[in-house]
Amino acid sequence: METNKDFLAMKMLAEQGNVQAIYGVGINYLEGVYTPKDEKLGISYVEKAENLNYLPAIEYLGLCYKNGCGTVKDDKKALKNHCCFFGF
């Protein structure tokens with residue numbers, strides 16, 4: 001992704017249900033890339049991708065829960081995501 005125009009195109013794909021785009025939009029909001037940083041909105045997008053069983057989102061959220069990045073630290077959720085990611 002190179003521009004805000006690309007971000008808007010990805011956001012349109014996310015609105016159409018593309019799980020990779022949903023995750024990508026979330027990461028962009030979390031990191032403030034090509035859009036103002038909005039951790040709450042970013043986490044909501046990544047959670048949507050997680051609910052669609054997108055493994056990168058499951059892994060990323062596990063790390064967020066473990067470290068309290070963009071969300072409240074929650075060891076139980078972190079462990080759940082870790083187990084899900086590794087197929088336990």
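1. A nonpolar core is taken here as a set of buried Ala, Val, Leu, Ile, Met, Phe, Trp, Tyr and Cys residues joined through side-chain atoms within 4.5 Å. In this predicted model, the largest such core has 20 residues. Those with the most contacts inside it are Ala14, Tyr23, Val25, Tyr45, Val46, Ala49 and Ala57. Helices α1 (4-15), α2, α3 and α4 each supply at least two residues of this core, and α2 gives the most, with seven residues.

2. The average pLDDT of the protein is 88, and 92% of the residues score at least 70. Helix α2 (residues 19-31) has the highest confidence, at a mean of 97, whereas α5 has the lowest, at 74. Where pLDDT is low, the predicted coordinates should not be read in detail.

3. The length of helix α3 (residues 39-51) can be checked against expectation.

4. How are the buried residues of α3 arranged around its axis? The residues concerned are Gly42, Ile43, Tyr45, Val46, Ala49 and Glu50. They cover an arc of only 160° around the axis and therefore lie on the same side of α3. The face turned away from this buried side carries the exposed residues Lys40 and Asn51.

5. Ala49, one of the buried residues of α3, is also among the core residues with the most contacts. Leaving aside residues up to four places away in sequence, Ala49 touches Val19, Ile22, Tyr23, Tyr54 and Ala57. Of these partners, Tyr23 and Ala57 are likewise listed among the core residues with the most contacts.

6. After the helix comes Asn53, whose phi is positive, near 60°.

7. Cys69 is found in the loop between α4 (55-67) and α5 (75-85). Is this residue buried, partly exposed or exposed? Its relative accessible area is 42%, which lies between the limits of 20% for buried and 50% for exposed, so Cys69 is partly exposed. When residues up to four places away in sequence are not counted, Cys69 touches Ile43 and Cys64; Ile43 belongs to the buried residues of α3. The C-alpha atoms of Cys69 and Glu39 are separated by 8.4 Å, although the two residues are 30 residues apart along the chain.

Methods: Residues are numbered from 1 along each chain as its sequence is written. This is a predicted model: local features need pLDDT of at least 70, side-chain atom pairs count only at pLDDT 80 or more; totals for chains, interfaces and linings use all residues. Side-chain values use heavy atoms; hydrogens and water are left out. Buried means under 20% relative accessible area, exposed over 50%, partly exposed in between (1.4 Å probe, protein chains only). Helices (H or I, at least four residues) and strands (E, at least two) are DSSP runs, numbered from the N terminus. The arc is that of the directions from the helix axis to the C-beta atoms. Contact means heavy atoms within 4.5 Å. pLDDT is the predictor's confidence in each residue, from 0 to 100.
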